[in-house]
Amino acid sequence: MPNKVTIWKIRNNNQLRKSYLNNNIKLNEFDALIKITVEMSRYLYPYIREILQSKENLERNSVIWNDFYMRLIQLIKERFNIDSMRVKKLLNKTENDEIIIKSLLTLSFCISNQGYKKLKNFLIDF
Amino acid sequence: MMQNKLSFNQSSVSLEIIGLPDYSNNENKDQISIISQWKLIIIDKPLIEGKLEHLEPIMDAFYIYSNLLIKNEIPIYESKLIDIKADNLHIHNVVLKSSKPTVKPLILKIGNALLSDTINCFDQLNESSIVRIKKTSISKNFTKKFRFGLKNKVKFFNRIMPPFISICSLILLSSTFIYFYNPVEDKEKKELINPK
């Protein structure tokens with residue numbers, strides 16, 4: 001990844017976004033995105049953990065989960081194509097809990113030094 | 001002889017490994033290759049401890065269970081030593097069974113946060129250069145199976161790409177010849193040869 005613009009361009013390949021490019025991601029770009037994701041999840045692990053813990057016991061501490069959930073939904077509405085069925089599923093409160101929890105769990109399982117290989121395997125097997 | 005002790009910590013979970021280096025392999029005095037005891041300390045939960053033969057199946061159980069959980073498969077793992085089952089999306093029921101018939105099984109309820117802490121402690125142990133543990137047959141089989149999917153997909157892609165490219169290039173090449181062939185001219189030539 002030579003610069004931030006390249007990351008921005010690759011990020012625009014996401015078909016869930018409002019405007020997306022239909023370029024195919026090269027294998028080395030796919031690897032680079034995974035490495036960035038793993039580094040970010042390692043950096044954000046304490047926060048990811050707090051979100052998971054907050055969701056486990058909403059009665060005791062619902063603030064962190066609610067903040068995260070509201071921001072996530074806000075970002076999805078802002079940047080994703082809300083007419084798409086897959087995005088509608090992400091916004092549906094009864095269905096999105098499982099998707100969000102499993103995504104957070106996947107990130108939290110991949111914070112080790114070998115996390116990059118783990119996440120790549122998870123994504124290829126997905 | 002003083003035993004070496006090493007701890008792997010992740011938030012609320014700590015994994016302690018106690019053992020000795022294998023001097024017959026000329027190992028460093030800080031190394032742990034012969035594990036005599038291990039302890040898994042989870043805050044607010046009972047202590048889990050055992051010998052090496054218990055550590056490997058427990059690690060395998062956690063790894064397999066976490067994979068099942070993520071891959072949308074039924075998250076249930078059952079073995080002679082440990083059962084892990086999901087109570088719901090957030091709580092996991094871990095049952096540790098003792099080899100002694102008189103000892104009751106230990107039941108732990110852990111959340112997603114503690115599950116990921118535990119997995120990360122096991123990852124640290126696996127990646128440690130100080131502690132060396134020999135992999136069990138279960139984990140070997142599992143990783144082989146795990147890698148198989150990836151290799152298979154890459155192989156399939158490699159197999160399908162060359163014929164696909166060759167067919168495409170054939171079509172492209174043959175389509176250019178259409179411009180060289182003029183059927184009207186050909187008819188005129190034939191008429192000149194056979195004037196009937």
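In chain A, helix H3(A) meets helix H6(A) through Tyr45(A), Ile48(A), Arg49(A), Ile51(A), Leu52(A) and Lys55(A) on the H3(A) side, and through Ile101(A), Leu104(A), Leu107(A) and Ser108(A) on the H6(A) side. Sorted by class, this contact holds seven nonpolar residues, one polar residue and two charged residues. The model is a predicted one. Two packed helices are described by the angle between their axes and the distance between the axes. For H3(A) and H6(A), the axes come within 10 Å and the crossing angle is roughly 140°. The hand of this crossing is left.

### Chain A as a whole

Chain A contains seven helices and zero strands, and its pattern along the sequence is α-α-α-α-α-α-α. Along the principal axes, the C-alpha atoms occupy a box of roughly 45 × 40 × 25 Å. Of the 126 residues in chain A, 18% are buried. Taking contacts in chain A between residues at least 6 apart in sequence, 49% link residues at least 24 apart.

### The interface

Which helices of chain A supply at least two residues each to the side that touches chain B? Between the chains, 21 residues of chain A are in contact with 20 residues of chain B. On the chain A side, helix H3 (45-56), helix H6 (93-109) and helix H7 (115-125) each supply at least two residues. The most comes from H6(A), with eight residues. By class, the side of chain A that touches chain B is made of seven nonpolar, seven polar and seven charged residues.

### The sheet of chain B

Chain B has an open sheet of four strands in the order E1-E2-E3-E4, with antiparallel pairing. E1 and E4 of chain B are the edge strands, each pairing on one side only. On average, and with direction ignored, neighbouring strands of this sheet are turned by 15° against each other. Helix H2(B) packs on the sheet, where H2(B) touches E1, E2 and E3 of chain B; the direction of H2(B) makes about 30° with that of E2(B).

| Strand pair | Sense | Bridges |
|---|---|---|
| E1(B) and E2(B) | antiparallel | seven bridges |
| E2(B) and E3(B) | antiparallel | eight bridges |
| E3(B) and E4(B) | antiparallel | three bridges |

Individual partners can be named for each pair. Asn9(B) has Ser14(B) in E2(B) as its bridge partner. Ile18(B) is opposite Gln37(B) in E3(B). Leu40(B) has Ile48(B) in E4(B) as its bridge partner.

### Two loops with positive phi

Ser11(B), which is not a glycine, has a positive phi of about 50°. Ser11(B) is in the loop between strand E1 (4-10) and E2 of chain B. Is Ser11(B) exposed or partly exposed? With 17 other C-beta atoms within 10 Å, Ser11(B) is partly exposed.

Asp44(B), also not a glycine, has a positive phi of about 70°. Asp44(B) is in the loop between E3 and E4 of chain B, and the hairpin of these strands has five residues between them. Asp44(B) counts as exposed because 6 other C-beta atoms lie within 10 Å, and the cut-off for exposed is 12 or fewer.

In soluble globular proteins, nonpolar side chains tend to be buried together. Here the largest nonpolar core has 41 residues, and Leu15(B), Ala61(B) and Phe62(B) have the most contacts inside it. Elements of both chains give two or more residues to this core: H3 and H6 of chain A, and E2, E3, helix H1 (52-70), strand E6 (82-86), strand E7 (91-96) and helix H2 (112-127) of chain B. H1(B) gives the most, with eight residues.

Which residues does Leu15(B) touch, leaving out those up to four places away in sequence? They are Ser7(B), Phe8(B), Trp38(B), Leu40(B), Cys121(B) and Leu125(B). Among these, Leu40(B) is also the bridge partner of Ile48(B).

How values were computed
Residues are numbered from 1 along each chain as its sequence is written. Chains are lettered from A and ligands numbered from 1 in the order in which they are written. This is a predicted model: local features need pLDDT of at least 70, side-chain atom pairs count only at pLDDT 80 or more; totals for chains, interfaces and linings use all residues. Two residues are in contact if their C-beta atoms, placed from the backbone, lie within 7 Å. Ala, Val, Leu, Ile, Met, Phe, Trp, Tyr, Cys and Pro count as nonpolar, Asp, Glu, Lys and Arg as charged, and the others, Gly among them, as polar. Axes are lines fitted to C-alpha atoms, for helices over the stretch in contact, and angles run from 0 to 180 degrees between N-to-C directions. A crossing is left-handed if the near helix is turned anticlockwise from the far one by less than a right angle, and right-handed if clockwise. Two strands pair if DSSP finds at least two bridges between them. A residue is buried if 20 or more other C-beta atoms lie within 10 Å of its own, exposed if 12 or fewer, and partly exposed in between; C-beta atoms are placed from the backbone. A nonpolar core is a set of buried Ala, Val, Leu, Ile, Met, Phe, Trp, Tyr and Cys residues joined through C-beta atoms within 7 Å.
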